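Welcome to a short tour of a protein fold.

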Amino acid sequence: MRIIAKSTLRKFWESRPEYADARVAMTEWYNYALKATWKTPHDIKENLKTASILKNNRVVFNICGNKYRIVVRIDYQFQMMLIRFVGTHEQYDKIENIEEI
């Protein structure tokens, strides 16, 4: 899976000292997803039970025991993933219209 862009993750964990703990888990998630070949949302759920499948090919991944969340949009045909949101669970909960992510 091609992921756009790792820099989005890096900017998050470097943005505030209290987010530094996300570095290892987000890097592990990135490396795992990079090697993945998910052809359907079902493939993701088989491998990552805590992932949430949303409309429009979007997926929410829980990081650090659900302390952080990564929302991506996936093009399964071209094996590409675009990171749309990285934040804390609290920040995610404050999103008024999840359809816009």
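This is a predicted model: local features need pLDDT of at least 70, side-chain atom pairs count only at pLDDT 80 or more; totals for chains, interfaces and linings use all residues.

## Aromatic rings

The structure holds 7 aromatic pairs. A pair of aromatic rings is described by the distance of the centres and the angle of the planes. Take Phe12 and Tyr19: their rings are stacked, with 4.4 Å centre to centre and 10° between the planes. Both Phe12 and Tyr19 are buried.

Tyr19 also pairs with Tyr68, this time edge-to-face, at 6.0 Å centre to centre and 85° between the planes. Tyr19 sits in the loop between H1 and H2, while Tyr68 belongs to strand E4, so this pair ties together parts that are 49 residues apart in sequence. Are these two tyrosines buried or exposed? Tyr19 counts as buried because its relative accessibility is 7%, and Tyr68 is buried with a relative accessible area of 1%. Elsewhere, Trp29, Tyr32, Trp38 and Phe61 form one aromatic cluster.

## The overall plan

Now step back to the whole chain. The protein has 4 helices and 5 strands, and along the sequence they follow the pattern β-α-α-α-β-β-β-β-α. Its radius of gyration is 13 Å, close to the 13 Å that the globule rule gives for 101 residues, so the protein is as compact as a globular protein of that length.

The C-alpha trace spans about 35 × 30 × 20 Å along its principal axes. Of the 101 residues, 37% count as buried.

## The nonpolar cores

Which residues touch the most other members of the largest nonpolar core? They are Met26, Trp29, Phe61 and Ile70, in a core of 27 residues. Two or more residues come from each of these elements: helix H1 (6-15), helix H2 (22-35), strand E3 (58-63), strand E4 (68-75) and strand E5 (80-88). H2 gives the largest share, 6 residues.

Leaving aside neighbours within four places in sequence, Trp29 is in contact with Leu9, Phe61, Ile63, Ile70, Val72, Met81 and Ile83. Another core lies apart from the largest one; this other core has 5 residues, including Val60, Val71, Phe85 and Ile101.

## Strand E3 and its partners

Next, follow strand E3. Of its 6 residues, 5 are buried, so E3 is largely enclosed by the rest of the structure. E3 runs antiparallel to strand E2 (residues 52-54), and 3 bridges join the two. E3 and E4 are also antiparallel, joined by 6 bridges.

Asn57 is partly exposed, with a relative accessible area of 41%. The hairpin of E3 and E4 has 4 residues between its strands, and there Cys64 takes a positive phi near 55°.

Where does Gln79 lie? Gln79 is in the loop between E4 and E5, and its phi is near 55°, a positive value in a residue other than glycine. At 19% relative accessibility, Gln79 counts as buried, because the cut-off is under 20%. A polar atom of the Gln79 side chain lies 2.9 Å from the backbone oxygen of Tyr76. Not counting residues up to four places away in sequence, Gln79 touches Met1, Arg2, Ala36, Thr37, Trp38 and Lys39.

One last stop is the peptide bond from Ile4 to Ala5, which is cis, with omega near 0°. Ala5 is found in the loop between strand E1 (2-4) and H1.

Terms used
Residues are numbered from 1 along each chain as its sequence is written. Side-chain values use heavy atoms; hydrogens and water are left out. A nonpolar core is a set of buried Ala, Val, Leu, Ile, Met, Phe, Trp, Tyr and Cys residues joined through side-chain atoms within 4.5 Å. Buried means under 20% relative accessible area, exposed over 50%, partly exposed in between (1.4 Å probe, protein chains only). Contact means heavy atoms within 4.5 Å. Rings of Phe, Tyr and Trp (its six-membered ring) pair if their centres lie within 6.5 Å; planes under 30 degrees apart count as stacked, over 60 as edge-to-face and the rest as tilted. A polar contact is a pair of N or O atoms within 3.5 Å; within protein, one must be able to donate a hydrogen and the other to accept it, and residues adjacent in sequence count only if both atoms are side-chain atoms. Two strands pair if DSSP finds at least two bridges between them. The radius of gyration is taken over C-alpha atoms; the globule rule is 2.2 Å times the number of residues to the power 0.38.
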